[in-house]
Amino acid sequence: VQLQASGGGLVQAGGSLRLSCAASGSFFRINAMGWYRQAPGSERERVVGISSGGGENYVDSVKGRFAISGDIAKNTVSLQMNSLRPEDTAVYYCYARARRYRYSGETDYWGQGTLVTVSS
């Protein structure tokens, strides 16, 4: 599974950015997609995910500001980030949880990361 993310950049505090991610390659099914982020000097943090069964789960710090959308069946996911804050500055990673084959277990795959910088 290859994940291609785009949409990062530099924005002032209070601004908005939209990240997009598309999965491609050979696999049986993607069961979930979403976003993690890693700020300098910090551990990677799960931001939000969406599964084929529905439902979203946001980290508290982004609730009400970020919104995930996408179509698991089409292997795409986007993250609309509004009211950005300097503490949102991080490299954002798209991930997909997929079954490579019909009867294989799930594996997490990662995109290359896209940098979001929020200036104060």
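A residue is called buried under 20% relative accessible area, exposed over 50% and partly exposed in between, with a 1.4 Å probe and protein chains only. By this rule Tyr36 and Tyr95 are both buried. The model is predicted, so local features need pLDDT of at least 70 and side-chain atom pairs count only at pLDDT 80 or more, while totals for chains, interfaces and linings use all residues. Residues are numbered from 1 along each chain as its sequence is written, and side-chain values use heavy atoms, with hydrogens and water left out.

Take the disulfide to begin with. The term covers a pair of cysteine sulfur atoms within 2.5 Å. A search of the whole structure gives 1 disulfide, and it joins Cys21 to Cys94 with an S to S distance of 2.0 Å. Cys21 belongs to strand β3 (residues 17–24) and Cys94 to strand β9, so the bond ties together parts that are 73 residues apart in sequence. Strands here are DSSP runs of E with at least two residues, and helices are runs of H or I with at least four residues, numbered from the N terminus. The torsion about the S-S bond of Cys21 and Cys94 is about -85°, which means that the disulfide is left-handed. Cys21 is buried at 3% relative accessibility, and Cys94 is buried at 0%.

Strand β3 leads on to the sheet. Two strands pair if DSSP finds at least two bridges between them. β3 pairs with β8 in the antiparallel sense over 6 bridges, and Leu17 has Met81 in β8 as its bridge partner. β7 and β8 also run antiparallel, joined by 6 bridges. Here Phe66 stands opposite Met81 in β8.

The loop between β7 (66–71) and β8 (76–81) contains Asn75. In this hairpin, with 4 residues between the strands, Asn75 takes a positive phi near 65°. Is Asn75 buried or exposed? With a relative accessible area of 16%, Asn75 is buried. Leaving aside residues up to four places away in sequence, Asn75 touches Cys21, Ala22, Ala23, Phe27, Ile30 and Met33, where contact means heavy atoms within 4.5 Å.

The aromatic rings come next. Rings of Phe, Tyr and Trp (its six-membered ring) pair if their centres lie within 6.5 Å; planes under 30 degrees apart count as stacked, over 60 as edge-to-face and the rest as tilted. The structure holds 3 aromatic pairs. One of them is formed by Tyr36 and Tyr95, edge-to-face at 5.3 Å centre to centre with 80° between the planes. Tyr36 is in strand β4 (residues 29–38) and Tyr95 in strand β9 (residues 90–99), so this pair ties together parts 59 residues apart in sequence. The rings of Tyr95 and Trp110 have centres 5.8 Å apart and planes at 45°, so this pair is tilted. Since Trp110 lies in strand β10 (residues 106–110) and Tyr95 in β9, the pair ties together parts 15 residues apart in sequence. Tyr95 counts as buried at 5% relative accessibility, whereas Trp110 is partly exposed at 34%.

Which rings does the charged end of Arg44 sit over? It sits over the ring of Tyr93, 3.9 Å from its centre, and over the ring of Trp110, 4.7 Å from its centre. The criterion is NZ of Lys or CZ of Arg within 6 Å of the ring centre and within 35 degrees of the ring normal.
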